Amino acid sequence: MTPQAGPDSGTFIPSGSFSRRTLVRGALAGVALAAGGAASAQAAETCQAPFSAGSARAAYRVPGQATDCHMHIFDPDRFPYPLPTATPPPKATVSDYRLLQRRTGTKRTVVVTPSNYSTDNRCTLDAISQLGLRNARGIAVIDNTFSDAALRDLDEGGIRGIRFNLTRPGGAGAELIRPLAERVADLGWHVQIHMTAEGILENLARISDLPTDLVIDHMGRIPGGAGTAHAAYTAILRLVDTGKTWVKLSGVYHESPVGPPSYSDRSAVGAAFAQAAPERMLWGSDWPHPTASRGEVPMPDDAAMLDLFASWVPRQQDRKRILVDNPETLYGF
């Protein structure tokens with residue numbers, strides 16, 4: 001059964017507290033089952049999910065239609081990697097991800113084809129099908145060999161954008177950003193880029209004035225040491241001001257010398273983006289955190305990451321805008 005999202009309160013609730021439903025169930029269980037009922041109630045408030053540190057639910061209870069706008073599925077048993085590497089990412093399935101949803105309370109999902117699958121989007125399409133088109137969309141990786149018919153098939157399967165990952169090999173290069181944007185514009189798709197901050201500056205001409213919307217992954221990978229003083233921060237805000245660019249408040253652990261639990265350097269970047277333009281922000285978990293599974297950063301606690309987001313966005317109406325309204329606009333939920 002698909003886990004349900006938390007109450008649409010937009011408030012912080014202590015992660016160890018019992019819900020009214022839990023208390024009622026405990027009372028009905030009777031004295032003989034009191035100990036077991038208490039254990040079950042505690043289990044309902046904690047849930048260990050693969051590829052995520054910690055087990056407590058997020059203290060921040062998200063709105064009912066909250067969207068995780070950035071995650072990946074790896075299922076090499078059913079969909080082998082076309083580009084084997086020395087350290088392939090471990091298996092992370094839809095069933096695993098549903099355990100994470102119990103911790104975060106999110107209901108809608110955007111599945112992003114990772115670089116290990118190159119332009120093979122079958123795993124992403126299968127994940128969308130499992131999650132259901134009502135609650136899932138996808139971002140594909142394509143190149144210039146895709147026919148118009150193939151693009152229409154992807155659209156019918158729930159794909160709403162194409163991604164360029166210039167931080168890892170696999171998929172199309174930066175030179176195809178504009179030509180492929182022109183190919184998918186009539187479908188109403190957008191272009192999503194994953195670049196370092198320096199890469200964004202180097203490719204500004206390629207990503208400006210596209211015929212589609214533009215989505216920037218992981219807060220532009222702006223280094224925590226430089227923060228909002230980095231030239232990429234100003235460049236991204238100028239793109240946002242055009243009304244066609246979105247920023248994902250995700251991957252706070254990237255480029256953070258401070259590291260967990262506060263990630264205070266990169267948290268300052270996230271808070272600055274959210275304050276500057278909440279109407280152009282999205283949030284994503286980046287589960288199952290491929291950089292962490294490769295040992296490049298400590299495995300993050302996804303519930304704590306969601307609570308960090310809540311600290312960046314103090315107004316409940318802005319939280320709902322970022323978690324619900326903006327994804328509805330961009331992905332067509």
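A pocket here is an open set of points on a 1 Å grid over the protein atoms alone, where a 1.4 Å probe fits and protein lies on both sides within 12 Å along at least five of seven lines; its lining residues have an atom within 4 Å of a point. This is a predicted model, so local features need pLDDT of at least 70 and side-chain atom pairs count only at pLDDT 80 or more, while totals for chains, interfaces and linings use all residues. Residues are numbered from 1 along each chain as its sequence is written, and side-chain values use heavy atoms, with hydrogens and water left out.

**Exercise 1. Find the residues nearest the centre of the second largest pocket, and sort its lining by type.**

Step 1. Start with the lining, which has 21 residues; Arg168, His194, Pro290, Thr291 and Arg294 lie nearest the centre.

Step 2. Now look for the elements that give two or more residues to this lining: they are β4 (159-165) and α11 (290-293). Helices (H or I, at least four residues) and strands (E, at least two) are DSSP runs, numbered from the N terminus.

Step 3. Sort the lining and you get four nonpolar, 10 polar and seven charged residues. Here Asp, Glu, Lys and Arg count as charged, Ala, Val, Leu, Ile, Met, Phe, Trp, Tyr, Cys and Pro as nonpolar, and the others, Gly among them, as polar.

**Exercise 2. Work out where the buried residues of helix α3 sit around its axis.**

Step 1. List the buried ones (under 20% relative accessible area with a 1.4 Å probe, protein chains only). In α3 (residues 94-104) they are Val94, Asp96, Tyr97, Leu100, Gln101, Arg103 and Thr104.

Step 2. Look down the axis: these residues fall within an arc of 155 degrees, so they line one face of α3. The arc is taken from the directions from the helix axis to the C-beta atoms.

Step 3. Check what covers them: β1 (67-71), β2 (108-112), α4 (122-131) and α12 (302-312) are included.

**Exercise 3. Which way do the residues of β2 point, and which strands run parallel to it?**

Step 1. Arg108, Val110 and Val112 point one way from β2, Thr109 and Val111 point the other way, and all are buried.

Step 2. Now the neighbours (strands pair if DSSP finds at least two bridges between them). Three bridges join β1 to β2 in parallel, with Met71 opposite Val111. β2 also pairs with β3 (residues 136-140) in the parallel sense, over four bridges, and Val112 has Ile139 as its bridge partner there.

Methods. Buried < 20%, exposed > 50% of the residue type's maximum accessible area, 1.4 Å probe, protein only. Contact = heavy atoms within 4.5 Å.
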